[in-house]
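Please consult the sequence and structure shown below while reading.

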Amino acid sequence: MSGTASSLVLALLLATAYGALFHFLTGGSTRRLLMYILVSWFGFAIGHLLGQVLLVDWLRLGPLYLFSASVGSWIALFGSWWLVGRST
């Protein structure tokens, strides 16, 4: 497996774990779980791209800008939680 493919797998696993953990902490239906996972993937990708453009090298793992991607994921999760509503 090449470095890019393994980074993609790691990114999907981490973003999915972030979405599932956020759902575990906030609760809600299965639809919310799916929303949180998709939002986490989107935020992770945007965070990675911003880290690449801004050259944020903290916690860089190969081609993956892990710090900025994780921050992007969590910002997206909290933003979606706030926009959709905090009730279950």
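With which residue does R60 form a salt bridge, and how far apart are the closest N and O atoms? The partner is D57, and the closest N and O atoms are 3.9 Å apart. The model is a predicted one, in which local features need pLDDT of at least 70, side-chain atom pairs count only at pLDDT 80 or more, and totals for chains, interfaces and linings use all residues. Residues are numbered from 1 along each chain as its sequence is written, and side-chain values use heavy atoms, with hydrogens and water left out.

**Salt bridge**

- The structure holds one salt bridge, a term that requires a side-chain nitrogen of Lys or Arg within 4 Å of a carboxyl oxygen of Asp or Glu.
- Side chains of opposite charge can pair when their charged atoms come close.
- R60 is partly exposed, with a relative accessible area of 42%, and D57 is likewise partly exposed at 47%. Here, buried means under 20% relative accessible area, exposed means over 50%, and partly exposed lies in between (1.4 Å probe, protein chains only).

**Aromatic pairs**

- Eight aromatic pairs are found in a search of the whole structure. Rings of Phe, Tyr and Trp (its six-membered ring) pair if their centres lie within 6.5 Å; planes under 30 degrees apart count as stacked, over 60 as edge-to-face and the rest as tilted.
- F22 and W74 form an edge-to-face pair, because their ring planes stand at 65°, with the centres 6.0 Å apart.
- This pair links distant parts of the chain, 52 residues apart: F22 belongs to helix α1 (residues 3–26) and W74 to helix α3 (residues 66–84). Helices are DSSP runs (H or I, at least four residues), numbered from the N terminus.
- F22 is buried, at 2% relative accessibility, whereas W74 is partly exposed at 24%.
- F22 also pairs with F78; the centres are 5.1 Å apart and the planes are at 85°, so this pair is edge-to-face.
- Because F22 lies in helix α1 and F78 in helix α3, the pair ties together parts 56 residues apart in sequence. F78 is partly exposed, at 45%.
- One aromatic cluster is formed by Y18, F22, Y36, F44, W74, F78 and W81.

**Nonpolar core and surface patch**

- The largest nonpolar core has 12 residues, among them Y18, F22, Y36 and F44. Such a core is a set of buried Ala, Val, Leu, Ile, Met, Phe, Trp, Tyr and Cys residues joined through side-chain atoms within 4.5 Å.
- Helices α1, α2 (30–54) and α3 each supply at least two residues of this core.
- F42, I46, L49, L50, V53 and L54 form a nonpolar surface patch with about 630 Å² of accessible area together. Nonpolar patches join side chains of Val, Leu, Ile, Met, Phe, Trp and Tyr within 5 Å, using residues with over 30% relative accessible area and no salt bridge; areas come from the Shrake-Rupley method with a 1.4 Å probe.
- L49 is found in helix α2 and is partly exposed, at 45%.

- S70 is found in helix α3 and is buried, with a relative accessible area of 12%.
- Residues up to four places away in sequence aside, S70 touches Y18 and F44, contact meaning heavy atoms within 4.5 Å.
- S68 also lies in helix α3 and counts as buried at 11%.
- Leaving aside neighbours within four places in sequence, S68 is in contact with G47, H48 and G51.

Notes
Patch = residues over 30% accessible without salt bridge, like charges linked within 9 Å, V, L, I, M, F, W, Y side chains within 5 Å.
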